[in-house]
Amino acid sequence: MAESDNFCNFAPRMKERTTYYADVLLPLHLPGTYTYRVPKEYDGRVMAGQRVVVQFGRQKLYSAIVRRVHRETPSWKCKYIAAILDLHPIVTERQMDFWDWLAEYYMCYPGDVMSTALPAGMKLASESAIAIHPDFDGELSRLSDQELRVVQILSEHPVMKVADIGRALGLQKTMPLIRSMIERSVIVMGEDIKDRFNPRTSTYLRLSDTYRTEESLRQLLDELERKRRSKQVAVLMQLIQQSDFGKKAVAKRMLPQGSALNTLLKNKIITAEERLESRIERYDEGELLDPRDIVLNEEQVQAYECLKSGKATSLLHGVTSSGKTEVYIKLIDEVVRAGRQALLLLPEIALTTQVINRLKRYFGDKVGVYHSRFPASQRVEVWQRTLADGEGGFQVLLGARSALLLPFRDLALVIVDEEHDTSFKQQEPAPRYNARDAAIYLAKMWGARVVLGSATPSVESYHNALTGKYGLATLTQRYGGFSLPEVTVVDMREAYKSRQMKGHFSTALLAAIDEALTKRQQVILFQNRRGFSLHLECDDCHHIPQCIHCDVSLVYHKATNTLRCHYCGYSIPVPEECPACHSTHLRMVGIGTERIEEDLQIMYPDATVARMDLDSTMQKNQYLELLNDFQNRRIDILVGTQMVTKGLDFQNVSVVGVVNADNIINFPNFRSFERAFQQLTQVSGRAGRHGEGGRVFIQTFNPQHQVLTDVMTGNYRHLYEEQIEERRVFRYPPFYRLIQITLKHSDTEVLNAAADWIATQMRGTFAWRVMGPEYPLVSRIKSLYLKQITLRFERSEPIADAKRVMMTMAADLTKQEGWSGVSVIFDVDPM
């Protein structure tokens, strides 16, 4: 045997290294996970739920979430994980299971859910997209007209590509404008890969250990006095007083800044340390109230007991101002005392301000607020403190629909207030989820209770309550014994005939406004159209300026003196003559909130009139400022869109006016009567909540309409019975499930051919369930034509397999020659 063979036989074997792989989820519209190799230096440090940086494609880097770490070697060559972003998981296993359910039910990919769920500060991407800078102060006066338009567009469409902004502005060269705004931190372009969340730190100071004793401190002060260092002595005295004689550190910003302080630090008489500091303001409004001291009336006690011990999901049907929030606080208190978490979902960001103040009076810093109007870094902190246990962790979470996607650690209660509201349904982008319905599934995963609250429940929820699927608790009287407002329907046809109209307001409404202002009471006027007028029209040829990218007319906005598209942001200056016939006889048609605000300012010059709509609340914190001003009676008349209808609680409002109810009732949708009743009842409920009975005036050309009769009498049950019978006959929810498929393409011929093909395929599988294809009400948006197909499935039918078949058909469609550019969008349970 050779000597070398002897060596091989007796030498110790080298220990083979175990190679690990990670399946990661990318925030992209792509199916499944992708496998990456874990570098040797990261062995044992990569865990499910962490963020890692990976290269996807040739150049782009993304933050991905690790789903699974394993040793299963794939059959292809894997790229390496580039970096680990978190020491600990930021997403829980149960949360990822919830993402999977959302993706499956709402017919999208888990990457779509991840992209929506993670706050912007936790997402990294090297894609070029434009958004308003998180630190933009909202000061619009220093912007040019074109820059102001960019901010307005991004307020309506938070993330846009550079090309889309150029198209909306009608500019061929957009980059000079974009670069200028980036340099001044007005907007941000997502080009560079970096972690957007930087923890806030502050410098804290304390006396050096050398001078902690009374004797050493006296010697130090004597020496400084002898050397005539009076400024240093003054700084030291302030530090000693504020630190409670050295017992605690003091924030550097609390001491006089300058050379004296710097010298003390340099000579190590004072020591400094950096501390993490919360971006969330602490509650500092005195001693907390005890929820057990809330006195419920008899109806509230019955409702509370029903919600606490009844079915897992219950509907709380209470008239406006019936005290639903007091019941919520009692339920939340039980959860907090047990050391668990409660989630309160609200449909509108504006509502959170008032509810935050009420909840913090009882639960203080245990309350965390999460919504899209917060800066990115603050949202990241709320995310982290929702996941954190012990001191500093949030037990009560409050927010709009996105709060449902937070990483809860022990969820025990979910409350969905104003559960009927369409704002709970996400429209763009995927997942197009309904937060109310998804909340019920999330609560089931946790074994938590669900309370759905509303004065005007959705037909589906009320049906579930009456059939025993949900529990039902009712509140029929206003809290405190106050009466419901008196509702008057004004026949505008008769009012115009008898000359009882002044502009767009009936004399009855104006008389009520006069009386309210005389008594120093407040008024709310509701018009569900923003802008000054609905469109511009030529009196000679009746030409109406249209958006060049969408099939809609342009709305006149007087504040910017432009005609603007509310779908894509395209705008043009107001023409001096008709573009079609060159006539100068142009007139404004229809009214929006801007026009109503201006008319009222002329009619009531001594009153303060303000407007609350999307256009007037673009600047940072303007929602809060408007609500505070109205709450503190610095505003006499508030004009608004549906923002003013949603659960706001003001003590001094005695008159509510609906300028035109017809455009709400006559909207072509099977839910239009239900929504009209909900909006009109909700806005009526803002009147007379805390005292003298309120009055509501609804102006209409069709005063005999049954919906208006039901609103006047507050007869929700009658509306429900009529609607439920119609839906049973015509196969609508709650008896049938709807899935709406929208196809988009820039070429109508390609779109029609693709829509016909997939409709034929679906009819072969789903037969009578398929309706369409047909053009929607607005058939072109952002230069893309739209066609829709709707499928109905009986509520008892299992449709998971049907959804998979539909998604396969959509994938097959895009593989057909010439159809790869067709977008196919699924909307499950469309609103």
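Student: Why is Asp629 called partly exposed?

Tutor: Its relative accessible area is 25%. Buried means under 20%, exposed means over 50%, and partly exposed is what lies between (1.4 Å probe, protein chains only). Asp629 at 25% is therefore partly exposed. This is a predicted model, so local features need pLDDT of at least 70 and side-chain atom pairs count only at pLDDT 80 or more, while totals for chains, interfaces and linings use all residues. Residues are numbered from 1 along each chain as its sequence is written, and side-chain values use heavy atoms, with hydrogens and water left out.

Student: How do you know that Arg634 and Asp629 form a salt bridge?

Tutor: The closest N and O atoms of Arg634 and Asp629 are 2.8 Å apart. A salt bridge needs a side-chain nitrogen of Lys or Arg within 4 Å of a carboxyl oxygen of Asp or Glu. The 2.8 Å of Arg634 and Asp629 meets that, so the name applies. Arg634 is partly exposed, at 47% relative accessible area.

Student: What puts the buried residues of helix α19 on the same side?

Tutor: Tyr623, Leu626, Leu627 and Phe630 are the buried residues in α19, which spans 622-631. They cover an arc of only 95° around the axis, so they share one side of α19. The arc is taken from the directions between helix axis and C-beta atoms. Helices are DSSP runs of H or I with at least four residues, strands are E runs of at least two, and both are numbered from the N terminus. Just after α19, Arg633 has a positive phi of about 65°.

Student: What makes Lys308 and Glu334 a link between distant parts of the chain?

Tutor: Lys308 forms a salt bridge with Glu334, with 3.6 Å between the closest N and O atoms. Lys308 sits in helix α10 and Glu334 in helix α11, 26 residues apart. Lys308 has 29% relative accessible area, so it is partly exposed. Glu334 has 38%, so it is partly exposed as well.

Student: How many salt bridges does the whole structure hold?

Tutor: The search finds 37. Among them is Glu515 with Lys519, at 3.2 Å from N to O. Asp290, Arg292, Asp333 and Arg337 are linked in a network.

Student: Why are β13 and β17 called edge strands?

Tutor: The open sheet has 7 strands in the order β13-β14-β12-β15-β16-β11-β17, with parallel pairing. β13 (367-370) and β17 (471-475) each have a single partner strand, so one side of each lacks a neighbour in the sheet. On average, neighbouring strands here are turned by 20° against each other, direction ignored.

Student: How do you know that β15 and β16 pair?

Tutor: Strands β15 (411-417) and β16 (449-454) share 5 bridges in the parallel sense. Val416 stands opposite Leu452 in β16.

Student: Which helices lie on these strands, and at what angles?

Tutor: Helix α10 (298-309) lies across β11, β16 and β17, at about 165° to β17. Helix α11 (324-337) packs on the sheet, touching β11, β12, β14, β15, β16 and β17, and makes about 170° with β15. Axes are lines fitted to C-alpha atoms, for helices over the stretch in contact, and angles run from 0 to 180 degrees between N-to-C directions. Contact means heavy atoms within 4.5 Å.

Student: What makes β29 largely enclosed?

Tutor: In β29 (653-658), 6 of the 6 residues are buried, so the rest of the structure largely encloses the strand. β29 runs parallel to β21 (522-526), joined by 5 bridges. Leu525 stands opposite Gly657. On β30 (695-700), 4 bridges join it to β29, again parallel. Val656 has Val696 as its bridge partner in β30.

Student: Why is Leu708 called buried?

Tutor: Its relative accessible area is 0%, so Leu708 counts as buried. Leu708 lies in helix α22 (706-713). Beyond four places in sequence, Leu708 touches Val489, Ala661, Ile665, Leu680, Ile698, Thr700, Asn702 and Pro703.

Notes
Pairing = 2+ DSSP bridges.
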